[in-house]
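I opened a notebook to record, entry by entry, what I looked up in this structure. The entries follow the order in which I went through it.

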Amino acid sequence: MIWHDYPDRDLLALDLAEVLADRLMSGLHHRERVCLAVPGGTSPGPVFDALSQVHLDWDRVDIMLTDERWVPEDSPRSNTALVRQRLLTGPASGARMIPLYADGARPEDRLDDLTRGIVPHLPIDVLLIGMGADMHTASLFPGADRLEEGLSDKAPILLPMRAPGAPEPRVTLTAPVLRGALDTHVLIMGEDKKTAIEKAAKLTPKEAPVACLLDGANIHYAA
Ligand SMILES: O=C1O[C@H](COP(=O)(O)O)[C@@H](O)[C@H](O)[C@H]1O
C-alpha cells in the first residue's frame, strides 16, 4: 500500500481529483481512449465535483462503475445516478458512460449484455475504488453468496452478488478485473475505515475482500 494522508476531506477531494486527471491525461498521450472506473456510495461525490471541472479530452474517456446496486436510476441508491449528476457534468459531460445497470428484475437477466459492453474497455486505465467499514470493496462483501467465485483468478468479468450487508442485489466487477487496473486509488475517510484497511492488509481476501487489490495500491485517506 502507498499511503497518502490529507489534512481534511476537502483537500483530499481536490488533490485526488488532480491526481486522477493527471493519470488520465498521461494515458491519453499513449492511447486513443482511456477507461476510468469509479465507485458509488457516499464517499466519492466531492472528488467527482472537482474532477468534472478539469479540462481534459473527456470525449476520449470511458467511465464505468466498479459496482452497481440493482435499483433503477431514479432510486436515491443508484450509483449510476450519482455518476451522472456529479461526474458527467460540466467539462466531463463529454465522457461516455459504460452501463452497469439495465432494466430487468434480476441482475442475472442482463448480465451478458452488460458484460459485452464492458469487455472492449478493459483493462481499466485508472481505478478509483471505495471501501466499506466492513472491508467490502466494489460489491465484493464478506459473506456474499458468490464471493469465492468473484475472488477467483478465473472469475468472469462481472458477477451478481447478494450479501447480508447489502440491502439489494448487486453487480460487481470481479477481483481479476480490479487487480488488472493499470493504476489503483482507494478512497477512504474516517477513523473506522483507517482501522478497517489496516486490519484488512493482514487478512485474506475471503475475510476482507478489499485485501485482493491492496498490493501496490495508492490509499488516499482523511479522518
Ligand atoms: O455500496 C457501496 O459501498 C462502497 C462504500 O461506500 P461508502 O458509502 O462507504 O463510501 C462503495 O465503494 C461501492 O461502490 C458502493 O456500491
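**Entry 1**

I began with Pro 99 and found that, leaving aside its neighbours within four places in sequence, Pro 99 is in contact with Leu 114 and Gly 117, where contact means that the C-beta atoms of two residues, placed from the backbone, lie within 7 Å. Before going on I noted that this is a predicted model, in which local features need pLDDT of at least 70 and side-chain atom pairs count only at pLDDT 80 or more, while totals for chains, interfaces and linings use all residues. I also noted that residues are numbered from 1 along each chain as its sequence is written.

I placed Pro 99 in the loop between strand S5 (96-98) and helix H4; helices (H or I, at least four residues) and strands (E, at least two) are DSSP runs, numbered from the N terminus.

I then turned to Ile 98, which lies in strand S5 and counts as partly exposed because it has 17 C-beta neighbours inside 10 Å. Not counting residues up to four places away in sequence, Ile 98 touches Asp 62, Ile 63, Met 64, Gly 117, Ile 118 and His 121.

**Entry 2: Leu 16**

I found Leu 16 in helix H1, where it is buried because 23 other C-beta atoms lie within 10 Å. Which residues does Leu 16 touch, not counting those up to four places away in sequence? I listed Val 47, His 185, Leu 187 and His 220. Leu 16 and His 220 are 204 residues apart in sequence, and I noted 7.6 Å between them in space, C-alpha to C-alpha.

**Entry 3: the strands around S8**

I looked at strand S8 (residues 170-173) and its partners, taking two strands to pair if DSSP finds at least two bridges between them. Strand S7 (residues 158-161) is joined to S8 by four bridges, and the two run antiparallel; within this pairing, Leu 158 stands opposite Leu 173 and Met 161 stands opposite Arg 170. Strand S4 (residues 67-69) also pairs with S8 in the antiparallel sense, over three bridges, with Arg 69 standing opposite Arg 170.

**Entry 4: backbone geometry**

I wrote down first that most residues other than glycine have a negative phi, and that most peptide bonds are trans. Against that, the peptide bond from Leu 122 to Pro 123 is cis, with omega near 0 degrees, and Pro 123 is found in the loop between helix H4 (107-118) and strand S6 (126-129).

Met 135 has a positive phi of about 75 degrees although it is not a glycine, and I found it in the loop between S6 and helix H5 (147-151). Met 135 counts as buried because it has 21 C-beta neighbours inside 10 Å. Ala 138, also in the loop between S6 and H5, has a positive phi near 45 degrees and is buried because 31 other C-beta atoms lie within 10 Å.

**Entry 5: the core and the ligand**

Of its 70 residues, Leu 36, Ala 37, Leu 178 and Val 210 touch the most other members. Helix H1 (residues 9-30) gives the most to this core, with six residues. Leaving aside neighbours within four places in sequence, Val 210 is in contact with Met 131, Met 135, Thr 137, Ile 197 and Ala 200.

Last, I noted that Pro 39, Gly 41, Thr 42, Ser 43 and Gly 130 come nearest of the 13 residues around the ligand, a residue being near if its C-beta atom, placed from the backbone, lies within 6 Å of the molecule.

Methods: Core = buried A, V, L, I, M, F, W, Y, C linked by C-beta atoms within 7 Å. Buried ≥ 20, exposed ≤ 12 C-beta atoms within 10 Å, placed from the backbone.
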